Amino acid sequence: MLTRADVVAWAMATVEEERRTERTRSSELARRVAALLPDGPWRVEDLDGWMRFTRADGAAFSWGLADGRVTVQGVYPRSQKGDDYGPRYEERPRVGMSFAREAAAVARDLGRRFLPVYLQG
């Protein structure tokens, strides 16, 4: 007979496995999207649960995944004191979209809705 502890351990292991699978899928999608984005090339770093896209000139944005949605947000440089340059966090360019979309559609959407606002800002 299963104990409550057994059920909890099984549930936690199942959730952790789902997270690992989702992170792997997110990483794969991000790399396909990076290859299709305009204004590149974009390099992608996997930073333990979120991705960072960086261009040679220092332009960068983050890619996070939560609840089946990808959220992309502009990243700005920091001063030596750690202060951010650029707009306040709440005012930074940000878009969200379904994680279930194809890489080409995500790249087109980012190229249309996000990159022009972020790169001009």
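Two strands count as paired here if DSSP finds at least two bridges between them. Helices (H or I, at least four residues) and strands (E, at least two) are DSSP runs, numbered from the N terminus. With that in hand, welcome to a predicted model, in which local features need pLDDT of at least 70, side-chain atom pairs count only at pLDDT 80 or more, and totals for chains, interfaces and linings use all residues. Residues are numbered from 1 along each chain as its sequence is written, and side-chain values use heavy atoms, with hydrogens and water left out.

## Confidence

The predictor's confidence in each residue is pLDDT, on a scale from 0 to 100. The chain has an average pLDDT of 84, and 91% of the residues score at least 70. Among the elements, helix α2 has the highest mean pLDDT, 93, while helix α1 (residues 4-36) has the lowest, 82.

Let us start with the strands. Five of them form an open sheet in the order β1-β2-β3-β4-β5, with antiparallel pairing. The edges are held by β1 (42-46) and β5 (94-98), each with a single partner strand, so one side of each has no neighbour in the sheet. On average, neighbouring strands are turned by 20 degrees against each other, direction ignored; axes are lines fitted to C-alpha atoms, for helices over the stretch in contact, and angles run from 0 to 180 degrees between N-to-C directions.

| Strand pair | Sense | Bridges |
|---|---|---|
| β2 (residues 50-55) and β3 (residues 60-66) | antiparallel | five bridges |
| β3 and β4 | antiparallel | seven bridges |
| β4 and β5 | antiparallel | five bridges |

Ser62 in β3 is the bridge partner of Arg52, and Gln73 in β4 is the bridge partner of Ser62. Further across, Val70 stands opposite Met97 in β5.

How enclosed is β4? Five of its seven residues are buried, so β4 is largely enclosed by the rest of the structure. Buried means under 20% relative accessible area, exposed means over 50%, and partly exposed lies in between (1.4 Å probe, protein chains only).

Contact means heavy atoms within 4.5 Å. Leaving aside neighbours within four places in sequence, Asp109 is in contact with Met97, Arg101 and Phe114.

Which residues of α1 are buried? They are Ser26, Ser27, Leu29, Ala30, Val33 and Ala34. Their cover includes β1, β2, β3 and α2.

## The nonpolar core

A nonpolar core is a set of buried Ala, Val, Leu, Ile, Met, Phe, Trp, Tyr and Cys residues joined through side-chain atoms within 4.5 Å. The largest one has 26 residues, and Val33, Leu37, Phe53, Trp63 and Leu110 have the most contacts inside it. Two or more residues come from each of α1, β1, β2, β3, β4, β5 and α2, with α2 giving the largest share, seven residues. Not counting residues up to four places away in sequence, Leu37 touches Trp42, Phe53, Phe61, Ala107, Leu110 and Leu115.

## Backbone details in the loops

The loop between α1 and β1 deserves a visit. Pro41 is found there, and the peptide bond from Gly40 to Pro41 is cis, with omega near 15 degrees. Asp39 lies in the loop between α1 and β1 as well. Its phi is near 60 degrees, a positive value in a residue other than glycine, and Asp39 is partly exposed at a relative accessible area of 46%.

Now for the loop between β3 and β4, where Asp67 is found. The hairpin of these strands has two residues between them, and Asp67 takes a positive phi near 55 degrees. With 79% relative accessibility, Asp67 counts as exposed.
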